[in-house]
Amino acid sequence: MSPRAGIDTGTTPHTLAFVESPVQLLNVLEWAHTRPHAQSAAQSPAPEASGPELTLVVLSPTDPMTRGQLRRMAELARDEGHAVRWEEARGGTTAPFRTIGGLAPLLRRARRVVMGDPFSRYVQLLLTITRATDLVVVDDGTATMEFVGQLARGERLVRWHRKGGRPGPRDLLFAPVSSSARRRLTPSADTRVEVFSAMPVQDVPEGVTVTANTFTWTRARFGPPRVTKGADMVGTSLVETGVVDADRYLEAVRALARAHGAARYFAHRRESADKLHRLAVETGLEVVRPDLPLELIARRGPIGRTVLSFPSTVVHTLPLALSGTDVRVAVCDIDPTWLTEHASPRAQGFLSGVTGTARDVHRLAAVMP
């Protein structure tokens with residue numbers, strides 16, 4: 001895929017969407033599926049349309065696993081008739097300047113901006129350029145819950161696993177941009193803000209529209225899956241983000257797999273190769289590195305009759321994606337003793353909230369390694 005493929009920079013897209021992860025791209029497709037005005041020109045009867053209504057801009061990260069999933073998701077987006085612009089946004093020290101400079105004309109003309117991660121510094125910088133009057137935030141996992149709460153409380157935008165720590169020099173340097181982004185994402189007479197989410201969103205700020213993501217595109221496009229008799233386990237990056245101790249995590253995975261007869265472990269795209277190798281050796285689980293978001297992998301199948309997970313986005317999204325099947329999603333709480341000494345003071349409460357607010361899941365007691 002060539003950079004900036006799929007878009008003529010002379011066109012004026014009605015909607016620009018910025019994504020940095022496969023899940024964000026999936027949720028943009030889900031949002032577009034529910035919005036006739038966001039579908040491609042080929043799907044729309046409007047005679048004045050002269051190109052795709054939605055242009056997806058991929059702000060590509062550097063890690064191979066995420067890039068591979070993004071390329072697969074970009075292919076699906078093109079199949080749906082959307083334009084895709086691939087930006088090597090982190091390809092060297094000058095890449096951010098090239099990316100922002102190249103996107104500035106499109107940002108100034110776009111009527112609507114869709115974003116998957118309002119905590120992203122890249123996205124916050126882009127928000128200072130756009131004149132769009134419609135802003136849409138689609139799910140970037142459990143972070144959506146924290147974003148809405150912070151917006152309602154007028155707090156600075158900080159990821160949940162970093163909240164409670166002292167701001168670093170880069171945070172202080174970027175603070176004016178972050179504050180500007182928060183103001184931009186606050187509804188006003190000139191700005192409409194929508195949150196499109198499968199997560200339980202509470203304390204919604206006045207003026208923000210919340211629309212439920214029920215994964216209708218995923219269910220229409222894939223499956224139903226073949227359901228096997230066994231159990232599968234879903235991995236998490238809580239070790240990589242410094243929240244959970246690695247030894248405790250591996251012990252918990254081994255105990256949970258043994259208790260429920262799990263055979264496969266679907267790795268999170270951010271899990272390290274060293275941890276996954278150790279996990280495979282010590283637990284005997286088959287480690288699977290998916291080439292698409294788990295919601296699509298599960299919907300295509302085969303998938304175990306029971307899917308085991310720790311607190312994460314999938315305890316909210318998998319029951320929706322697998323609606324109408326016999327698959328049971330079971331979530332295991334994080335024991336407080338598993339947390340690292342560097343974990344945010346909010347970590348335990350936030351993770352318990354992720355589990356406690358999940359619908360249509362079976363809640364397991366914390367496994368004591």
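Analyst: Gladly! Let us start with handedness: a crossing is left-handed if the near helix is turned anticlockwise from the far one by less than a right angle, and right-handed if clockwise. Please keep in mind that this is a predicted model.

User: Which hand does the crossing of α8 and α9 have?

Analyst: The crossing in which α8 passes α9 is right-handed.

User: And how do I describe such a pair of helices more fully?

Analyst: The angle between the axes and the distance between them describe two packed helices. Here, helix α8 (residues 246–260) and helix α9 (residues 273–283) have axes that come within 10 Å and cross at roughly 40°. That angle makes α8 oblique to α9.

User: Which residues meet there?

Analyst: From α8 come Asp247, Tyr249, Leu250, Val253 and Arg254, and they meet Lys275, Arg278, Leu279, Glu282 and Thr283 of α9. Sorted by class, this contact has five charged, four nonpolar and one polar residue.

User: Now the spaces. How many cavities of 30 Å³ or more does a search of the whole structure find?

Analyst: The search finds one. The largest cavity holds about 40 Å³ of space. Helix α1 (residues 22–33) gives the most to its lining, with three residues. The lining residues include Val23, Leu26 and Asn27, along with Met199 and Phe215. By class, the lining of the largest cavity divides into four nonpolar, four polar and two charged residues.

User: What about pockets, which are open?

Analyst: Take the second largest pocket, with about 240 Å³ of space. It is lined by 15 residues, and those closest to its centre are Met145, Glu146, Pro200, Gln202 and Asp203. Two or more lining residues come from each of α5 (143–153) and α12 (347–356). The largest share, five residues, belongs to α5.

User: How does that pocket lining divide by class?

Analyst: The lining of the second largest pocket has six nonpolar, five polar and four charged residues.

Terms used. Residues numbered from 1 in each chain as written. Predicted model: local features only at pLDDT ≥ 70, side-chain atom pairs only at ≥ 80, totals over all residues. Heavy atoms only, no water. Axes fitted to C-alpha atoms, helices over the stretch in contact; angles between N-to-C directions. Helix = DSSP H or I, 4+ residues; strand = E, 2+ residues; numbered from the N terminus. Parallel < 35°, antiparallel > 145°, perpendicular 65-115°, else oblique. Contact = heavy atoms within 4.5 Å. Nonpolar A, V, L, I, M, F, W, Y, C, P; charged D, E, K, R; others polar. 1 Å grid on protein atoms, 1.4 Å probe; cavity = no way out; pocket = protein on both sides within 12 Å on 5 of 7 lines; lining within 4 Å. Points joined across faces, edges and corners; volume = space filled by probe spheres on them.
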